[in-house]
Amino acid sequence: MIQFEHVTYSYNKTPFIEDMNLCFEDGKITAVIGPNGCGKSTVIKLASRLLKPHSGRILLHGVEISSIRRKSFAREISVLLQNGHIPDMTVEQAVLSGRYPHQSFLKPATKEDHLMIDQAIDMADCKVLREKRMCQLSGGECQRVFLAMILAQDTHIIFLDEPTTYLDINVSYEMMELIRDMNQKVGKTVIMVLHDMNLALNYADNIILMNKGRIKGSNLVTDQRLHERIGETFGVKIQSFSEEDESRFYFVKR
Ligand SMILES: Nc1ncnc2c1ncn2[C@@H]1O[C@H](COP(=O)(O)OP(=O)(O)OP(=O)(O)O)[C@@H](O)[C@H]1O
């Protein structure tokens, strides 16, 4: 479990995130949603130690994350960022680099490392890309390889910042199915930033809604007013229709 306690962070003189309290529960898929610039990536970067809070505490299973050793932390938490750096190496080497928290300095990769990268490449459907260089891949292919790197890192908690960027609609759903498998079959805790409300509503066990650096609601999956709240926050109108005794919603411009 990751907890934010009274966290404050600012990029300039004015605090952007102020006194934030938040909990990412174990074993769940949590979607963080909110308009552009509302602070979703900032939260992911704070939780994954890429940014340091100016005040307050961030705890991983009750331990302040700043006190955890780098390699131990990387065995617990992995993160897929937006616009990640494309390494100058082959896909196989890139996926192997995901194993670094489990390897000893200057020791060659072990049998287990190779097994993990084979599994990760298989799961993320990157077999045909294995020998290619990263710079030769399309945006969607790169995204799949980044996911394979994360799978190879084999952490309990996975942060994904817009994992479906560059993916077409069909592959986006495949990616979500893979994320659901990681959660349900392997027990990973997944926290992901999503812009696609359909994906968030279909795949998340928990939805956290943000606006202007603040949490506007968490545990929203069961909130009867979830769709209205999304509409208000994004400034869009909701329309609903019934399908097979189920109400479906879509959002349109006001
Ligand atoms: N390095 C930085 N320096 C200054 N301001 C920053 C920096 N990074 C982000 N910001 C600002 O902080 C705010 C929150 O940014 P953040 O990337 O967390 O938003 P987001 O909700 O993830 O947005 P998006 O949906 O567009 O990806 C924005 O106003 C952004 O301009």
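Start at Gln3, which stands opposite Cys23 in strand 2. Strands here are DSSP E runs of at least two residues, numbered from the N terminus. This is a predicted model: local features need pLDDT of at least 70, side-chain atom pairs count only at pLDDT 80 or more, and totals for chains, interfaces and linings use all residues. Residues are numbered from 1 along each chain as its sequence is written.

Select strand 1 (residues 2-9) and strand 2 (residues 17-24). They run antiparallel, joined by five bridges. Two strands pair if DSSP finds at least two bridges between them. Pick Glu5: its bridge partner in strand 4 is Arg57.

Next, show the ligand. Around the ligand sit Tyr11, Phe16, Gly34, Asn36, Gly37, Cys38, Gly39, Lys40, Ser41 and Thr42. Each has its C-beta atom, placed from the backbone, within 6 Å of the ligand. The shell has three nonpolar, six polar and one charged residues. Ala, Val, Leu, Ile, Met, Phe, Trp, Tyr, Cys and Pro count as nonpolar; Asp, Glu, Lys and Arg as charged; the others, Gly among them, as polar.

Finally, colour by domain: domain 1 is 2-223 and domain 2 is 224-254. The bounds come from an automatic or database domain assignment. Their centres, taken over C-alpha atoms, are 28 Å apart. Ten residues of domain 1 are in contact (C-beta atoms, placed from the backbone, within 7 Å) with eight of domain 2. On the domain 1 side, strand 9 (206-211) and strand 10 (214-217) each supply at least two residues. Strand 9 gives the most, with three.

Methods: Helix = DSSP H or I, 4+ residues; strand = E, 2+ residues; numbered from the N terminus. Contact = placed C-beta atoms within 7 Å.
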